[in-house]
Amino acid sequence: MRWKLLVIASLAAVVAGTGGSAGLLYLLTGRAGPNGSAGWLVLAAPLLPLAAITYASVFVYRHTARRRKLQAAAAALVSLALTLAVYLAFALFTPRREPPPERGPLAPTPVNIS
């Protein structure tokens, strides 16, 4: 097996897929506003990593002489596992943005007379 090709292609797919997807989501959803008009973009976000993984596995398949299918499948699985790990780490280590609390009418404070 060509381990260097498998590792480099998988890492390139992860960087291109997750980086591109996260960058597009950050740029486009920040400008969409609070009304949720970019909901289709959030649903389409996994397409860029899947395209990068597919390209990497085809690249590995075309550049190996023996055991092509095994190496292409291994590249796809390694890329998928690393992509999921990056998304999990991103979800765990980024702070959550909470909406600001709504201000309603001020209620009188109860008085305890005992």
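Helix α4, spanning residues 68-93, runs for 26 residues and covers 37 Å from first to last C-alpha, close to the 38 Å expected at 1.5 Å a residue (the expected span being 1.5 Å times one less than the number of residues). The model is a predicted one, so to speak of local features takes a pLDDT of at least 70, side-chain atom pairs count only at pLDDT 80 or more, and totals for chains, interfaces and linings use all residues. Numbering starts from 1 along each chain as its sequence is written, and side-chain values rest on heavy atoms, with hydrogens and water left out.

As for the overall picture, the protein has four helices and zero strands, giving the order α-α-α-α from the N terminus on. Helices here are DSSP runs of H or I with at least four residues, strands are runs of E with at least two, and both are numbered from the N terminus. Of the 114 residues, 21% count as buried; buried stands for under 20% relative accessible area, exposed for over 50%, and partly exposed for what lies in between, with a 1.4 Å probe and protein chains only. The accessible surface comes to about 9200 Å², and carbon and sulfur atoms hold 69% of that (Shrake-Rupley method, 1.4 Å probe). Among contacts with a separation of 6 or more, 69% join residues 24 or more positions apart, a contact being heavy atoms within 4.5 Å.

Now for the inside. The largest nonpolar core has eight residues: Leu 5, Leu 6, Ala 9, Ala 13, Ala 52, Ala 56, Val 60 and Ala 75. In soluble globular proteins, nonpolar side chains tend to be buried together.

Back in α4, the buried residues are Gln 71, Ala 72, Ala 75, Ser 79 and Thr 83. Several of these turn up again as contact partners. Leaving out residues up to four places away in sequence, Leu 6 touches Gln 71, Ala 74 and Ala 75. Ser 57, a residue of helix α3, is in contact with Ala 72, Ala 75 and Ala 76 once its neighbours within four places are set aside. Ser 57 counts as buried because its relative accessibility is 13%. Leu 11 sits in helix α1 and, with a relative accessible area of 45%, is partly exposed.

Arg 67, in the loop between α3 and α4, has a positive phi of about 50 degrees although it is not a glycine. Most residues other than glycine have a negative phi. Arg 67 is partly exposed, at 48% relative accessibility. Arg 68 belongs to helix α4 and is also partly exposed, with a relative accessible area of 28%. Arg 68 lies over the face of Tyr 61, 5.4 Å from the ring centre; the criterion is NZ of Lys or CZ of Arg within 6 Å of the centre and within 35 degrees of the ring normal. Beyond residues up to four places away, Arg 68 touches Tyr 61 and Arg 62. The C-alpha atoms of Arg 68 and Val 58, 10 residues apart along the chain, are separated by 9.6 Å.

Note on methods. A nonpolar core is a set of buried Ala, Val, Leu, Ile, Met, Phe, Trp, Tyr and Cys residues joined through side-chain atoms within 4.5 Å.
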